[in-house]
Amino acid sequence: MDVSASNRRQFLKLFGTAAVIGSVAPDVLAHSGRSIGRKTTSLTILHTNDVHSRLDPFPMDGSRNAGKGGVARRATLIRKIRQEQANVLLFDAGDIFQGTPYFNLYKGEPEILAMNQLGYDAGTIGNHDFDGGLDNMVTQFGKASFPILIANYDFKNTAMDGRSKPYKVFYKDGIRVGVFGLGIKPEGLIPRSAYLETKYLDPVEIANNTATQLRAKEKCDYVICLSHLGFKYNDSTVSDNVLAAQTRNIDLIIGGHTHTFLDAPVAINNRDGQPVWINQVGFAGINLGRIDLTFEPGKAVYSSGKSVEVS
Amino acid sequence: MKKSLLYLALIGLLACNPGGYHLASRKANRIGVDSLSASTDSSVARFLQPYREKLDKTMNEVLAQSTGPIDKGLPDAPLNDILTDAMLKQATQRYGKPIDCSHLNYGGIRTNLPKGNITIGSIFEVMPFDNQLVVLTVTGDMLQKMLNHFVQGSGLVVGGIRAKIHDKQVQAVTFTNGRTLQPNENYTVLMSDYVANGGDDAGFLKNPVKREDLNYLVRDVLIDYFRQQGKSGQPINPTSDGRISIE
């Protein structure tokens, strides 16, 4: 089973134009009249979503996912990639908790401690991360060696007040990467007793404000949103697809909640006509998402509304 | 023409950037995590081991004994009765008020309970889903509709109610607490949030008179109940009281 070859095919099919850009970049950069011979910096983004307390692989019981996943295997993969790549960032898009008896017994401790061992750089909050209540969230997230990023929950008057940050800027070899988190509407989804006075703020408005701040004030070269909104809905419910189309300044949305298995990222044009990548890799740690970026010094030549995506 | 398309595509990919760098390329790969793609990291495995060992011990905790297998079945069976009665008993304590009846979706009862030792692991096998208990207050009309819906669908599993099925319609409903089913009176029904949210095609339940979430997992209810049964020292004798019968 050659997963990477099949992914490459999917990728080329969906993003034929984008996929060959790396090879033509020097030619194009010549048009901007600068950057020739300048240093290229690479950055690898690794990501998971909806791992749902699946620390062990699925049991070998003949079911669809038998033998897949497992945090100790994920550790090996991540360690190998860190050995090969100078600049790696590892993120999770929420629903770390709930789904195996590990959570029922330990309330999330081994999940968080395992993420520490794997060297996660940040995570956001999924609806099931409320399942042990806000006090448990404080206890377990307090054990994390990585920040919990969430920009659209106001935890004032709750135990979580001051325990999360809206965003964080990472510096990798001169590249400034801004990362922020977005959570789903708790009402109707999470028992009230589990989220109490947590206020849900409009994700589109918050995302626009936060991404603009990261781009303009924090001078970020690349902006990533960790989202637990869900990939896409049939109605007008805000999703990653809606978010991408209605915002500016986001380059990549790492999504979760809907357990969507995307073969390759989906590109949606934002309000400036720029194609935002949305990626989501299923659930339960069955997959690890990997996105390899390269950066060149200097500003890009900018032309709005001219993006070409091959479908 | 092809080259200019590529050129436009690249420009489109590059965000307007006041910083020192711009994106020059991007590619993606989805890596399957399995025994073929990666071996087990020994340090993480060592870290997990004590958690797993204690977990296994927890799963093996014997809650109660049964003199025979406790099986599910339709129109009525020992497992149907004991699960819905357990829900009613435990949730009433949590709710603090009497609840008229309880309901489980038949498909949500995943397997039978064994003869002999009933462990926490056995309960996880019967109820692997993390469904929470909900108390819906509904009119008699809606309750009648709900009873018919499940008789005609996946199967009716209830506690606190006796009824007869005639021609796929539920009739002669009586409550254990002595109430009778009146179209315009209100009744409290204990069920999983899965059904209350419209699961099993029960979308009509989304507009009850009132909905109260107990934040109490159905599985935890059952674990608490069977543990109490075990403490009584009496083994469970699987029986069905014939609460649902077909005429």
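Which residues of chain B does the UniProt annotation "domain: 5'-Nucleotidase C-terminal" cover? In this predicted model, that annotation, which comes from an unreviewed UniProt entry, covers residues 75-201 of chain B. For chain A, UniProt places the feature "domain: Calcineurin-like phosphoesterase", likewise from an unreviewed entry, at residues 43-260.

**Annotated spans**
- Within chain A, residues 43-260 are 29% helix and 18% strand, with the end C-alpha atoms of the span lying 24 Å apart.

**Nonpolar cores**
- The largest nonpolar core comprises 90 residues, and those with the most contacts inside it are A:Phe91, A:Val179, A:Ile224, A:Leu226 and A:Ile253.
- Another core, of 56 residues, lies apart from the largest one, and its members include B:Met87, B:Val134, B:Leu222 and B:Phe226.

**Surroundings of A:Phe91**
- When neighbours within four places in sequence are left aside, A:Phe91 is in contact with A:Ile45, A:His47, A:Asp121, A:Ala122, A:Gly123, A:Val179, A:Leu226 and A:Ile254.
- Two of these partners, A:Val179 and A:Leu226, are also named among the residues with the most contacts inside the largest core.

**A loop position in chain B**
- B:Gly178 sits in the loop that runs between strand S8 (169-175) and strand S9 (186-192) of chain B.
- B:Gly178 counts as exposed because it has 6 C-beta neighbours inside 10 Å, the cut-off for exposed being 12 or fewer.
- From C-alpha to C-alpha, B:Gly178 and B:Val151 are 23 Å apart in space, while 27 residues separate them in sequence.

Notes: Residues are numbered from 1 along each chain as its sequence is written. Chains are lettered from A and ligands numbered from 1 in the order in which they are written. This is a predicted model: local features need pLDDT of at least 70, side-chain atom pairs count only at pLDDT 80 or more; totals for chains, interfaces and linings use all residues. UniProt positions are given in the numbering used here, feature names are shortened, and annotations may be inferred rather than shown by experiment. Helices (H or I, at least four residues) and strands (E, at least two) are DSSP runs, numbered from the N terminus. A residue is buried if 20 or more other C-beta atoms lie within 10 Å of its own, exposed if 12 or fewer, and partly exposed in between; C-beta atoms are placed from the backbone. A nonpolar core is a set of buried Ala, Val, Leu, Ile, Met, Phe, Trp, Tyr and Cys residues joined through C-beta atoms within 7 Å. Two residues are in contact if their C-beta atoms, placed from the backbone, lie within 7 Å.
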